[in-house]
Amino acid sequence: DSSRAVAAVLPQLAAGPVHHAHMLLIFVQSGALEGGAAQCSALRGGAAAGLVSSPAAQHAFRPPGRSAVRLQEWAARPAWESADMPTYDYRNQTFPVILAGMRRCREDRGAIPALLEQLVERDFFSYFPVNLITPCMYFPSGDAGCEMATCEIRAARERDIPPAVIARDREEYNFLIDGWVSKDMPSDFTEYFDLRESASRNTGYNGQRVWRFIHTNLCFQKRLQQEEMGWKRDFNRLVSGMHAVVDCEIIEDIGHTEEGRCEYRRRLRDEPGSILNLYYAYMLTLSAIREVSKGPSFESCAYLGDASIPPLMRALTSDDLLASDSVQ
């Protein structure tokens, strides 16, 4: 099942070149993959997290391992609320390398999106179990969930979910990647969502407070200029890329109007590093897909019996763009 890694990138990559970084929702936590059922479970779980950028997720947030008193103290701290929003436009020795990869990606927009548009229509890459009741472990908030009608999505009807999908997911919820353990066990609150029916769109929800917390508290802020701290800069770039993808989804839904052009300038063109980091995240995904194709389970995956998927996957993973030196 290693090739299921691509599941996270399919919906938005297929939407067009500007959306190529949606895969960040997965690979930011998984890094280079070697294939195998454990990695597939992790990737699939991360893909479900992609619903956060769609209208699905309105969470009640809390940080882990704190008492009620400490939680109140932590949530009341105003520093991050008023802090300047960090930017991740690093002009160091890797900058020319990323630019070269960006140019290579822009030259090749044909085969990969077309293949992804076909793959995303398959059940194997579309159904994901999500528990939207589970609170976030990091963001301290007593805010009530969003009640905007535009934010509402509907879970898939149980009778529409292929039994093979349910059987698969009941066995794949406990996984380990790079020393991190993540458990997404089925529960009474777990529901299936069909990404074909839950497309990302502009709901009008203002997520600035959440993004400010992510950039100021979860991204790295210290010792970023030191040469050996490249991994911190890479992480920040990926988060910036994820933010840029959400902005792209909003702008696309607004359309080619004066409002859309204004939002493009505000969210992307005038935001340092946003577009470059979007391509950086895309290149990371291409590299990860290539690594997955080398795994032992790639050729043996049955894709829940869908015989139309293996030829598409082989065509995707053999595309020259994945092996390009500038992308790798």
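A search of the whole structure finds 16 salt bridges, a salt bridge being a side-chain nitrogen of Lys or Arg within 4 Å of a carboxyl oxygen of Asp or Glu. The model is predicted, so local features need pLDDT of at least 70 and side-chain atom pairs count only at pLDDT 80 or more, while totals for chains, interfaces and linings use all residues. Residues are numbered from 1 along each chain as its sequence is written, and side-chain values use heavy atoms, with hydrogens and water left out.

| D247 | R267 | 2.7 Å |

D247 pairs with R267. D247 belongs to helix α10 (residues 230–254) and R267 to helix α11 (residues 258–269), so this bridge ties together parts that are 20 residues apart in sequence. Helices here are DSSP runs of H or I with at least four residues, numbered from the N terminus. Both D247 and R267 are buried, that is, under 20% relative accessible area with a 1.4 Å probe and protein chains only; exposed means over 50%, and partly exposed lies in between. D247 and R267 are also linked with E263 and R266 in a network of salt bridges.

E299 sits in the loop between α12 (274–292) and α13 (309–317), and R314 in helix α13, so their bridge ties together parts that are 15 residues apart in sequence. E299 is exposed, at 56% relative accessibility, whereas R314 is partly exposed, at 41%.

Definitions and conventions:
Helix = DSSP H or I, 4+ residues; strand = E, 2+ residues; numbered from the N terminus.
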